[in-house]
Amino acid sequence: MPIGAQPPGRRGTADEPYSALNLRLILAAFGFVVCTLLAIWLFHAGWTVPGWLLLAWAVVAVVDMVVVQFRRRARRRAEGDGHHSLFE
């Protein structure tokens with residue numbers, strides 16, 4: 001799967017992007033922090049299965065953050081070093 005500024009074949013344009021990358025990055029980071037803290041608490045309380053499930057979700061959040069960062073870099077290369085708001 002090529003990781004460019006936007007996946008090929010999507011309906012978004014440069015003026016109306018397909019995904020709000022900055023917002024998606026913040027939400028993934030929030031999900032990572034919350035899942036990690038809850039997993040630690042669950043392990044401490046002795047609930048190992050829900051703890052492992054939350055750790056798996058934390059890993060998914062990290063993978064999402066990496067993919068979003070690659071797409072943000074590709075957007076920066078394609079569009080130049082312009083300012084992007086949280087919802088772009």
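These questions and answers go through how some features of this predicted model get their labels.

This is a predicted model, where local features need pLDDT of at least 70, side-chain atom pairs count only at pLDDT 80 or more, and totals for chains, interfaces and linings use all residues. Residues are numbered from 1 along each chain as its sequence is written, and side-chain values use heavy atoms, with hydrogens and water left out.

Q: What makes up the protein in terms of helices and strands?
A: There are 2 helices and 0 strands. Helices (H or I, at least four residues) and strands (E, at least two) are DSSP runs, numbered from the N terminus. Helix α1 covers residues 21-45 and helix α2 covers residues 48-79.

Q: Why is the pair R24 and D64 called a salt bridge?
A: The term asks for a side-chain nitrogen of Lys or Arg within 4 Å of a carboxyl oxygen of Asp or Glu. The structure holds 1 salt bridge.

Q: What makes R72 buried?
A: The relative accessible area of R72 is 19%, and the cut-off for buried is under 20%, so R72 is buried. You'll find R72 in helix α2.

Q: Why do R72 and N22 count as having a polar contact?
A: A polar contact is a pair of N or O atoms within 3.5 Å; within protein, one must be able to donate a hydrogen and the other to accept it, and residues adjacent in sequence count only if both atoms are side-chain atoms. The side chains of R72 and N22 make one at 2.8 Å, so the distance passes. The side chains of R72 and Q69 are joined by another polar contact, of 3.0 Å.

Q: Which residues is R72 in contact with, leaving aside neighbours within four places in sequence?
A: They are L21, N22 and L25. Contact means heavy atoms within 4.5 Å.

Q: How do you know whether N22 is buried or exposed?
A: N22 has 10% relative accessibility, so N22 counts as buried. N22 lies in helix α1. The C-alpha atoms of N22 and Q69 are separated by 8.9 Å, although these residues are 47 residues apart along the chain.

Q: Why is the pair F43 and W52 called edge-to-face?
A: Rings of Phe, Tyr and Trp (its six-membered ring) pair if their centres lie within 6.5 Å; planes under 30 degrees apart count as stacked, over 60 as edge-to-face and the rest as tilted. The ring centres of F43 and W52 are 5.2 Å apart and the planes stand at 75°, so the pair is edge-to-face. A search of the whole structure finds 1 aromatic pair. F43 is partly exposed at 30%, while W52 is exposed at 57%.

Q: What makes the nonpolar surface patch?
A: The patch is made by F32, V33, L37, I40, V62, V66 and F70, with about 590 Å². Patches are made of residues with over 30% relative accessible area and no salt bridge: like charges are joined within 9 Å, nonpolar side chains (Val, Leu, Ile, Met, Phe, Trp, Tyr) within 5 Å. Accessible areas come from the Shrake-Rupley method with a 1.4 Å probe; for residues, only the protein chains shown count as cover. The largest share, 4 residues, comes from α1.

Q: Why is L37 called exposed?
A: L37 has 55% relative accessibility and the cut-off for exposed is over 50%, so L37 is exposed. L37 is in helix α1.

Methods. Buried means under 20% relative accessible area, exposed over 50%, partly exposed in between (1.4 Å probe, protein chains only).
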